[in-house]
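Please take a first look at the structure shown here. A short briefing goes with it.

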There are 2 protein chains.
Amino acid sequence: MTQIRMAVVGAGSWGTTIASVAAANTPTVLWARRPEVADAINATHRNPSYISSVDLSPGLRASSSLAESVSDADVVVMAVPSQGFRETLQQAAPHIRPWVPIVSLSKGLETGSLLRMSQVANEVMPGHPVAVLTGPNLASEIAVGQPAASVVAIDDAVIATALQQLFSSTTFRVYTNPDVIGCEIAGVVKNVIAIASGIAMGMGFGDNTRATLLTRGLAEMTRLATALGGSPESLAGLAGMGDLIATCSSTASRNTSVGVRLGQGETIEDIVASMSMVAEGVRSSAVVLELARQHGVDMPITEQVVAVCHESKSASEALIALMSRQARPETQ
Amino acid sequence: MTQIRMAVVGAGSWGTTIASVAAANTPTVLWARRPEVADAINATHRNPSYISSVDLSPGLRASSSLAESVSDADVVVMAVPSQGFRETLQQAAPHIRPWVPIVSLSKGLETGSLLRMSQVANEVMPGHPVAVLTGPNLASEIAVGQPAASVVAIDDAVIATALQQLFSSTTFRVYTNPDVIGCEIAGVVKNVIAIASGIAMGMGFGDNTRATLLTRGLAEMTRLATALGGSPESLAGLAGMGDLIATCSSTASRNTSVGVRLGQGETIEDIVASMSMVAEGVRSSAVVLELARQHGVDMPITEQVVAVCHESKSASEALIALMSRQARPETQ
């Protein structure tokens, strides 16, 4: 096999970070929508807009031409927000070569269709293998070489092993997992639970409350994933529990921050108006709940997040509703 | 059934907190080893040594006579450190009435015998039902009425439901779980993982690294519990994941603090010498590893904690050893 060339589509903090990791292993092009960002990366080996203090791998090349970025690639990594995923992939599709695997870094469900990003990729590029890279991966920490681990999920052992090698570094360990559904659902729902966890923090509650919310949150995440055909082991692993803990621990997480501000009494309208980019969990919460109802899955934490984000319920009322449910056996 | 009278043996922060919660539901006596502590609690409704700023339930009575404390009790709650558990229960045993359930709050294994506390209770008081109360329960937060949840584990639905009611409050929700082994092993091993998590914090690593350690830590905790006959569901619940997250998030945890200081380069000898009470995880780690080896269970994080706490390995070497293991499928 000749060398695998990689394209990373999207130069946000996570796309930039993963492109820099990959560029140390293989020729990699990073697509940035804005030409001035691509130029700056090529000239200074830093991304002026995200993780701007980090020196990127010297071999990383950037381009603002989507066609040029993907036309030579043997692997295409999608690192755009979930609501732009379909459109961007449709634009790239005519330039992507046959058989090329698509790797999704995006954590969301498509509004309306309720599709996971791997399903969107299957619709846009039928026949192409689709993988998901997910885990406890705060970009700012991985970019500076802190030890971390992640999961590449795809039901094809050959591609899984190849991707594992491309994304690994001495400080970034990549595990393989055949369960795309479980890994992807975990990545979506954890942003919703992070809002709930943030609310508890914003209201001044401590580690017990947050640990309880995370535990019950993982339980409802697992119920949804298994109802859709995912494996509970994935939820207990890095893509589920790991990513949930990292996101809910980090005040750098947009979703956690939204929750903290809600818990402090701000309205969702004011918070959304003040953010340059809406936290994925705000929108996802409603889509997750719709999916859960279609499959008859009980998701009490998600329900309360939807009530706060979309139905004007106060955060304190929502948290109290959650914590005062009837005592009962733990696994019912 | 007449009213259930409760005795709580041990007036540390957790024993005092749970006695205060129970005293709001039922007549409760708290045994304090030192008469001046018992007198102060009776006179001021505060414990001068632990959570001293918290007003205890007005109905809580304290005594420094172990015989008097337990002789009238219909439930005896053991809230002493695991190394004093057998001896204290032996002293109480002649005064405990027939059929009275014993509830363990202690999280440790007996050195030498490798027994869980419920097993020690069974040896000392054969025929008495034994339950375990465990979960994400930082005493300082529960004592001030923050929302939290816990698990009462016993394979007897009648006793489980009775205990559930005795330990519940409007802010403290108690779930029942029949799996004593799983809940108890979780409570022991989480202190060991907390040391590893603290080491990563002390070395300056962030949320990804800690989330990864917790996820892999829960996996090895689950392997040990299931090898001993416990249920993986308990480990995924409040007694496992919940308590692990709360302990590893809290700098108030003695075990996490030991890890942080190790990560900052202090020696275990200096740390132990400076603490009034040794963190359970330091001693437990070696006992857990011995139990794991007896049952052929791989516990790589525990191994490294033992190496640091008992074999003079440096904390940074241990963490690097952990994070550089061979990449592989996640569930192997």
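What follows is a tour by topic, from sheet to helices to single residues.

This is a predicted model. Chain A has an open sheet of 8 strands with mixed pairing. In chain A, helices α8 and α15 cross at roughly 75°. In chain B, α8(B) and α15(B) pack at an angle of about 75°.

**The sheet of chain A**

- The strand order is β3-β2-β1-β4-β5-β6-β7-β8, and the sheet is open.
- The edges are held by β3 (61-63) and β8 (172-177) of chain A. Each has a single partner strand, so one side of each has no neighbour in the sheet.
- Neighbouring strands of this sheet are turned by 25° against each other on average, direction ignored.
- Strand β7 (residues 148-153) of chain A pairs with β8(A) in the parallel sense, over 6 bridges.
- Opposite A148(A) stands F172(A), in β8(A).

**Helix packing in chain A**

- Two packed helices are described by the angle between their axes and the distance between the axes.
- The axes of α8 (residues 180-202) and α15 (residues 300-310) of chain A come within 9 Å and cross at roughly 75°. That makes α8(A) roughly perpendicular to α15(A).
- From α8(A), the contact is made by V192(A), I193(A), I195(A), A196(A) and I199(A). From α15(A), it is made by I301(A), T302(A), V305(A), V308(A) and C309(A).
- By class, the contact of α8(A) with α15(A) has 9 nonpolar residues, 1 polar residue and no charged ones.

**Helix packing in chain B**

- The axes of α8(B) and α15(B) are 9 Å apart, at an angle of about 75°. The two helices are therefore roughly perpendicular to each other.
- On the α8(B) side, the contact uses V192(B), I193(B), I195(B), A196(B) and I199(B). On the α15(B) side, it uses I301(B), T302(B), V305(B), V308(B) and C309(B).
- This contact of α8(B) with α15(B) counts 9 nonpolar and 1 polar residues, with no charged residues.

**Helix α12 of chain B**

- Helix α12 (residues 254-263) of chain B is mostly covered, with 7 of its 10 residues buried.
- The buried residues are N255(B), T256(B), V258(B), G259(B), V260(B), L262(B) and G263(B).
- These buried residues pack against several helices of chain B, including α8 (180-202), α11 (238-249) and α13 (268-274). Also among them are α14 (280-294), α15 (300-310) and α16 (315-323).
- At the start of α12(B), a side-chain oxygen of S253(B) reaches to within 3.2 Å of the backbone nitrogen of N255(B).
- After α12(B) comes G265(B), with a positive phi near 105°.

**Residues to find in chain A**

- L322(A) is in helix α16 (residues 315-323) of chain A. It counts as buried, at 8% relative accessibility.
- Leaving aside its neighbours within four places in sequence, L322(A) is in contact with L213(A), P300(A), I301(A) and Q304(A) of chain A, and with R173(B) of chain B.
- L322(A) and T209(A) are 113 residues apart in sequence. Their C-alpha atoms are 11 Å apart in space.
- E280(A) is in helix α14 (residues 280-294) of chain A. Its side chain makes a polar contact with the side chain of R283(A), at 3.3 Å.
- Beyond four places in sequence, E280(A) is in contact with P81(A), S82(A), K107(A), G108(A), N191(A) and N255(A).
- T111(A) is in the loop between β5 (102-104) and α5 (117-124) of chain A. At 45% relative accessibility, T111(A) counts as partly exposed.
- Beyond four places in sequence, T111(A) is in contact with Q83(A), R283(A) and V287(A).
- T111(A) and E290(A) are 179 residues apart in sequence and 10.0 Å apart in space, C-alpha to C-alpha.

**Positive phi in chain B loops**

- Most residues other than glycine have a negative phi.
- W99(B) is not a glycine, yet its phi is positive, near 70°. W99(B) is in the loop between α4 (82-92) and β5 (102-104) of chain B. At 73% relative accessibility, W99(B) counts as exposed.
- S312(B) is not a glycine either, and has a positive phi of about 60°. S312(B) lies in the loop between α15 and α16 of chain B. Its relative accessible area is 67%, so S312(B) is exposed.

How values were computed: Residues are numbered from 1 along each chain as its sequence is written. Chains are lettered from A and ligands numbered from 1 in the order in which they are written. This is a predicted model: local features need pLDDT of at least 70, side-chain atom pairs count only at pLDDT 80 or more; totals for chains, interfaces and linings use all residues. Side-chain values use heavy atoms; hydrogens and water are left out. Axes are lines fitted to C-alpha atoms, for helices over the stretch in contact, and angles run from 0 to 180 degrees between N-to-C directions. Helices (H or I, at least four residues) and strands (E, at least two) are DSSP runs, numbered from the N terminus. Angles under 35 degrees count as roughly parallel, over 145 as roughly antiparallel, 65 to 115 as roughly perpendicular and the rest as oblique. Contact means heavy atoms within 4.5 Å. Ala, Val, Leu, Ile, Met, Phe, Trp, Tyr, Cys and Pro count as nonpolar, Asp, Glu, Lys and Arg as charged, and the others, Gly among them, as polar. Buried means under 20% relative accessible area, exposed over 50%, partly exposed in between (1.4 Å probe, protein chains only). A polar contact is a pair of N or O atoms within 3.5 Å; within protein, one must be able to donate a hydrogen and the other to accept it, and residues adjacent in sequence count only if both atoms are side-chain atoms. Two strands pair if DSSP finds at least two bridges between them.
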